[in-house]
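This report looks at selected side chains, one topic at a time. Keep the sequence and the 3D view open while reading.

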Amino acid sequence: MSEYTPKLQVQLNERLMKLKERFVQKFGKTPLFYAYAPGRVNLIGEHIDYCGYAVLPMAIEQNILAAVSVDESQTIQLANANPQYNDITVSTGDLKIDRANPQWQYYFLCGVKGVQELLGLAAPVGMQCVVDGTVPPSSGLSSSSALVCCAGLLTAEANRKTLTKVVLAETCARSERYIGTEGGGMDQSISFLAEEGTAKLIEFNPLRSTDVKLPGGAVFVIANCCVEMNKAATSHYNIRVVECRIATKVLAKSRGLDWSRLMKLGEVQPELGASLEEMVQIVEEVLHQEPYSREEICQCLGITLECLCNDILSPNTQHVTQFKLYQRAKHVYGEAGRVLRFKAVCDRAGAQAIQELGELMRDSHASCRDLYECSCPELDQLVDTCLQSGAVGSRLTGAGWGGCVVSMVPVDALDSFLQRVRESYYQPDARRAALEKQSLFVTKPGGGAAILFQA
């Protein structure tokens with residue numbers, strides 16, 4: 001795999017031609033280049049990247065595409081090919097991101113701001129951009145992170161700077177936090193590090209990726225439950241991050257570690273020299289199943305309420321009074337183990353690989369539903385429908401609380417699977433039926449972000 005994002009000379013396909021036409025209509029000139037960044041589906045490893053554990057996603061063909069030109073105006077003129085989104089114009093030296101109102105343009109500005117700051121650009125060039133997206137928004141397929149990545153990539157190119165894929169991924173992961181989401185870096189990493197034909201084991205600290213060859217004989221199908229969830233617009237996601245952070249500190253203190261410097265559950269394991277299975281046992285021994293109050297946490301750690309609020313809670317979790325430490329930590333250590341077993345099954349490529357992977361996916365969904373509580377009734381219904389329709393494994397993918405399910409389906413059962421899911425989940429409901437065409441599709445591992453020039 002090349003260290004740098006590819007720059008490709010391409011013949012314009014129909015979508016690129018339409019985007020070029022919109023750009024010319026909008027700005028009266030042709031684009032200098034195009035940038036794209038794919039969405040992703042996480043096959044297994046939910047809510048564990050921000051705990052320091054490896055995940056196993058693949059890029060999908062749906063992506064964010066932008067047409068770009070450059071001038072010396074030091075302003076960014078940003079438009080969306082979808083007319084429901086407003087145009088904006090901002091100064092490159094005054095990028096304001098409104099956390100309280102996570103609209104599409106702020107994700108774009110996160111990527112711009114992150115790369116500008118990384119490069120220390122005193123006078124960033126002006127840019128005109130028209131953005132077109134095919135990743136369904138708020139669906140758990142990483143539309144927002146793909147937009148951040150696309151914006152970061154095109155900002156580097158517009159300013160004639162070359163950054164490695166790893167640096168771009170890490171920068172975009174950090175910069176998405178400007179909008180208030182305390183993510184772990186999976187979405188940005190796979191958007192840059194993806195390669196066609198292979199899923200990836202993504203590991204952190206340092207960021208690296210390993211090819212995972214998926215077994216033949218089965219395909220992955222994505223199905224949208226048609227409940228939207230913008231993780232930056234609610235506190236669900238950041239509450240889980242904070243619960244894991246508190247669990248880290250309580251577990252560390254119980255074992256005599258320097259708990260004040262540890263922030264992630266993945267940091268406790270190597271300090272104790274324990275296996276993931278042993279970490280699950282430690283969770284069982286140390287943490288109780290009833291929610292912890294703020295007062296109990298302060299007592300456990302020997303800190304004041306002020307310290308808890310200022311040093312451990314995030315801005316949009318200040319209102320939370322109850323924390324489920326046992327459930328969150330047990331999910332994280334269990335899910336981290338399932339990721340490693342999933343990869344091992346793929347590497348062995350045994351006769352029972354498809355069945356074994358299906359079982360891991362089913363167990364993952366049960367843990368997300370029961371321990372991490374990031375599912376919703378529609379996701380659970382859709383998972384059950386997929387399993388009853390012939391999938392060997394099915395689970396929510398992405399942050400949850402809405403969005404998509406990913407299912408592993410034997411190739412010879414695919415047609416009947418799709419028909420049964422349509423009939424059981426989509427067609428009985430008028431709103432779902434109207435969304436079905438873009439909500440149910442087969443996917444395969446796609447390539448990563450790139451810069452495109454018209455040949």
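## A buried glutamate

The side chain of Glu46 comes within 3.3 Å of the backbone nitrogen of Gly398. This is a predicted model. A polar contact also joins the side chain of Glu46 to the side chain of Asn42, at 3.2 Å.

Glu46 sits in the loop that runs between strand 2 (33–44) and strand 3 (56–71). With a relative accessible area of 2%, Glu46 is buried. Leaving aside residues up to four places away in sequence, Glu46 touches Met186, His331, Glu335, Cys368, Arg395, Leu396, Thr397 and Gly398.

## Aromatic pairs

How many aromatic pairs does a search of the whole structure find? The search finds six. One of them is formed by Phe33 and Phe453: the ring centres are 6.3 Å apart and the planes stand at 55 degrees, so this pair is tilted. Phe33 belongs to strand 2 and Phe453 to strand 15 (residues 450–454), so the pair ties together parts 420 residues apart in sequence. Phe33 is buried, at 2% relative accessibility, whereas Phe453 is partly exposed, at 21%.

Another pair is made by Tyr53 and Tyr333, whose ring centres are 6.0 Å apart with planes at 80 degrees, so the pair is edge-to-face. Tyr53 lies in the loop between strand 2 and strand 3, and Tyr333 lies in helix 11 (residues 325–348), so this pair ties together parts that are 280 residues apart in sequence. Both Tyr53 and Tyr333 are buried.

## Charges over rings

Two tyrosine rings have a charged residue over the face. Lys113 lies over the face of Tyr178, 5.2 Å from the ring centre. Arg328 lies over the face of Tyr372, 6.0 Å from the ring centre.

## Cysteines without disulfides

How many disulfides does the structure hold? The number is zero. A disulfide needs two cysteine sulfur atoms within 2.5 Å. For Cys300, the closest cysteine sulfur is in Cys298, 9.4 Å away, which is too far for a bond. Cys300 counts as partly exposed, at 30% relative accessibility.

Cys376 is in no disulfide either, and its nearest cysteine sulfur, that of Cys225, is 4.5 Å away. Is Cys376 buried or exposed? Cys376 is buried, with a relative accessible area of 11%.

Terms used: Residues are numbered from 1 along each chain as its sequence is written. This is a predicted model: local features need pLDDT of at least 70, side-chain atom pairs count only at pLDDT 80 or more; totals for chains, interfaces and linings use all residues. Side-chain values use heavy atoms; hydrogens and water are left out. Buried means under 20% relative accessible area, exposed over 50%, partly exposed in between (1.4 Å probe, protein chains only). Helices (H or I, at least four residues) and strands (E, at least two) are DSSP runs, numbered from the N terminus. A polar contact is a pair of N or O atoms within 3.5 Å; within protein, one must be able to donate a hydrogen and the other to accept it, and residues adjacent in sequence count only if both atoms are side-chain atoms. Contact means heavy atoms within 4.5 Å. Rings of Phe, Tyr and Trp (its six-membered ring) pair if their centres lie within 6.5 Å; planes under 30 degrees apart count as stacked, over 60 as edge-to-face and the rest as tilted. A charge sits over a ring if NZ of Lys or CZ of Arg is within 6 Å of the ring centre and within 35 degrees of the ring normal.
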